[in-house]
Amino acid sequence: MSQFPILEKTSIWPALSEFGKEIVSPQGIFYWSGRAKKESEVNATLGTAVEDDGKNCYIPMMEGFLSDDFFKKVGGAVFEYAPMPGLLTLREKWRARMLKNSPELERYASTPVVTNGITHGIYIMGMMLMNEGEEMLTPEKYWSNYNLILPTMQRMKITPIPFFNADGRLDVDGIAQEVESCAQRQKKVVLLLNFPHNQTGFTPNEKEAAVLISSLQEIAGKNPDVPFVIVLDDAYEGYVYDGDGIRKSIFDRVFPKGMKNFSMVKMDGVSKSMLVYGLRVGFITVFANKTDGTEMSEEEHKGFCEEVANKLAGVVRGTISNCSRVGQAMTEAVLDAPEEWEKEVTSKIDLLGRRYRALKSEIEKCYEEYGRGKIWADPFNSGFFCYMNIVPEIDAKDIAEKLLREYKIGVVPNTVKDKDGKILWNGIRVAFCGVPESQMGRLAKGIFEAVYR
C-alpha cells in the first residue's frame, strides 16, 4: 500500500524526481517521541537530558546570555548574516580548545567550519567523501538518522560492521577484518566511529581504544595507495559514567602524523556539550597529511585552512546558506567562560551518571527475575541511551506499542534488515537521559514484562 495515496493523485506527483517520490520521514525517534509525550508517563524516547521535574536540562550560564547584557555586548550584529564558514572568532576559539592538549596536531588540523549541528556536519562529510554507490563503514546498531542523511539523501551505502565480541567488549578483530576487506574491494576506506555510541551507550576502555587505533593505523600502513579516512562523531564526548570508558575523543591518538594516505574528520556539536539543543551549532574539522609525509609549513597550513573552509562553506551555502548567528554568538560566550561551563556541565553529567547506575541495577534485577532469553542490554557505560536487544521472533514495534498502551512507557523500536530481509538487529533504544532516577525500576520492569507477558 502506498504511503502517499492522495499525493499520487495530484499533478505534482508525475513531476517529482525519483528521490522526490522515494523520500519518507521515517517512523523513528521523533514519531515515537511525539506519541510518548501524549501517551506515556515514563518517556525514554528522545535524546534530551531532562531534569526530574520534566524541564530540559540546561546550564544556568546560558540564561544569563539571554539577558540585556548579552545584547549590549554583541549589539545588532547578532541579526546580521553569519559568514558561510561561521564566525571566525568562534571557529578559532573552538580550534584552540580542541588542540589545547594536542599542540603537535596544530599543522595538520583545519580551522573548523560551523555546521547546523552534527546532523548537518554528517551530511557535509558524506557529500565531500562519498560518491553514489560507495560504502562507508560504521559499527552496527548505529544512529538511525545516518540512514536518512547518507543512503537516502546521498545514494551511498552504509556497511554495518561488528561492534561487540562474544565477551561483550569492543570487537577490535571484527572491525579490523572489515576495514581490511573494504580496503581491498573499494580501494578507499571511510570509517565512521561514534564514542560514546548512539544507540548502545557504549564507550571502550583505554586498552581497547589503543588496540583499535593501532590496528587501523597498521592496516592503513599496509595499504599506502588506499585513502583512509576516520570520521569521528563526537556528539556525546565526556558523558562517561564508569571508571572504565575513555573520557575524551580519540582524535589526537587515531591520527598518525606523516602517514600520507591517512586523514580524519572530526565532528562536534554544542547540543550535548553545552546542553543547548535548539541552537543547532556544530563544527567540522579536517585533519590531513601531506602526500610526501612532511609537515606543512606555516604558509602551507594557512592555505590548507582556507581551501578546506572554501569547500565546506560551499556545501553550507548550497544547503542552508549559513548557520544561526545568535547561536554562534552564544556558543562563543560560553567558550569565553570555560571554567564556569565545565562546572555546570559536570553537574549534569553527574545527574545522568546516577540515572545510568540506577537503570543498570534495575536491569540486573530483571535478569534475575526473567532471565536473558528474550531481551538483554548491550554493554553500556556512557552517553544518553542503552540498547535492549529483543529476539527476532518478537517485533520490536509491537513491544513499543504495548509499552505505550499498557504501561504508559515510551521507547524507540529499532529493527534493521539487510537487502534480503534478514534481521541484522532488533530491539529498542532506551533514553535514560530523560527519565528520573526514581522511575528506573518502573521503566526496566515494564520493558521486561512487556516482552515476557
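Modeller: Let's start with charge pairs: the count here comes to 27 salt bridges. Keep in mind that this is a predicted model.

Colleague: Okay, what makes a pair count as a salt bridge?

Modeller: A side-chain nitrogen of Lys or Arg has to sit within 4 Å of a carboxyl oxygen of Asp or Glu. Take arginine 355 and aspartate 52, whose closest N and O atoms are 2.8 Å apart. That pair ties together distant parts of the chain, 303 residues apart. Arginine 355 belongs to helix α14 (residues 338-370), while aspartate 52 is in the loop between β1 (42-43) and α3 (61-65).

Colleague: Which of those two partners is buried, and which is exposed?

Modeller: Arginine 355 counts as buried because its relative accessibility is 0%. Aspartate 52 is at 51%, so that one counts as exposed.

Colleague: Where else does a salt bridge link distant parts of the chain?

Modeller: Look at aspartate 336 and lysine 93, whose side chains meet in a salt bridge of 2.9 Å, N to O. They are 243 residues apart: aspartate 336 is in the loop between α13 (325-335) and α14, and lysine 93 is in helix α5 (residues 88-98). Aspartate 336 has 42% relative accessibility and therefore counts as partly exposed. Lysine 93 is partly exposed too, with a relative accessible area of 30%.

Colleague: How far apart are the closest N and O atoms of lysine 290 and aspartate 292?

Modeller: That salt bridge comes in at 3.8 Å. Aspartate 292 is exposed, since its relative accessible area is 52%. Bridges can also share partners: Arg35, Glu39, Glu401 and Arg405 are joined that way into one network.

Colleague: And which residues gather in a patch of negative charge on the surface?

Modeller: For a patch, you look for like charges on residues that have over 30% relative accessible area and no salt bridge. Here Glu298, Glu299, Glu306 and Glu307 gather in such a negative patch. Pick glutamate 307, in helix α12 (residues 298-319). Its relative accessibility is 57%, so glutamate 307 counts as exposed.

Colleague: Let's go to the strands. How many residues of strand β7 are buried?

Modeller: The idea is to go residue by residue, with buried meaning under 20% relative accessible area. In β7 (residues 262-269), 7 of the 8 residues are buried, so the strand is largely enclosed by the rest of the structure.

Colleague: Which strands pair with β7, and in which sense, parallel or antiparallel?

Modeller: Strand β6 (residues 228-233) pairs with β7 in the parallel sense, over 6 bridges. Strand β8 (residues 282-288) runs antiparallel to β7, joined by 7 bridges. There, methionine 264 stands opposite phenylalanine 287 of β8.

Colleague: What about strand β3, is it mostly covered or open?

Modeller: Mostly covered: 5 of the 5 residues of β3 (residues 135-139) are buried. Check which way each residue points. Glu135, Leu137 and Pro139 go one way, Met136 and Thr138 go the other way, and all are buried. Strand β4 (residues 157-161) runs parallel to β3, with 5 bridges joining them.

Colleague: Now the backbone. What should I expect of phi and of peptide bonds?

Modeller: Most residues other than glycine have a negative phi, and most peptide bonds are trans. With that in mind, look for the exceptions.

Colleague: Which residues does a cis peptide bond join here?

Modeller: Phenylalanine 195 and proline 196, with omega about -10°. Proline 196 is in the loop between β5 (189-193) and α9 (206-222).

Colleague: And where is lysine 141, with its positive phi?

Modeller: Lysine 141 has a phi of about 65° although it is not a glycine. You'll find lysine 141 in the loop between β3 and α7 (145-154). Its relative accessible area is 8%, so lysine 141 is buried.

Colleague: What is the phi of leucine 275?

Modeller: Positive again, about 55°, and leucine 275 is not a glycine either. Leucine 275 lies in the loop between α11 (270-273) and β8. With a relative accessible area of 3%, leucine 275 is buried.

Definitions and conventions: Residues are numbered from 1 along each chain as its sequence is written. This is a predicted model: local features need pLDDT of at least 70, side-chain atom pairs count only at pLDDT 80 or more; totals for chains, interfaces and linings use all residues. Side-chain values use heavy atoms; hydrogens and water are left out. Patches are made of residues with over 30% relative accessible area and no salt bridge: like charges are joined within 9 Å, nonpolar side chains (Val, Leu, Ile, Met, Phe, Trp, Tyr) within 5 Å. Accessible areas come from the Shrake-Rupley method with a 1.4 Å probe; for residues, only the protein chains shown count as cover. Lys and Arg count as positive and Asp and Glu as negative; His and the chain ends are not counted. The place of a charge is taken as NZ of Lys, CZ of Arg, CG of Asp or CD of Glu. Helices (H or I, at least four residues) and strands (E, at least two) are DSSP runs, numbered from the N terminus. Buried means under 20% relative accessible area, exposed over 50%, partly exposed in between (1.4 Å probe, protein chains only). Two strands pair if DSSP finds at least two bridges between them.
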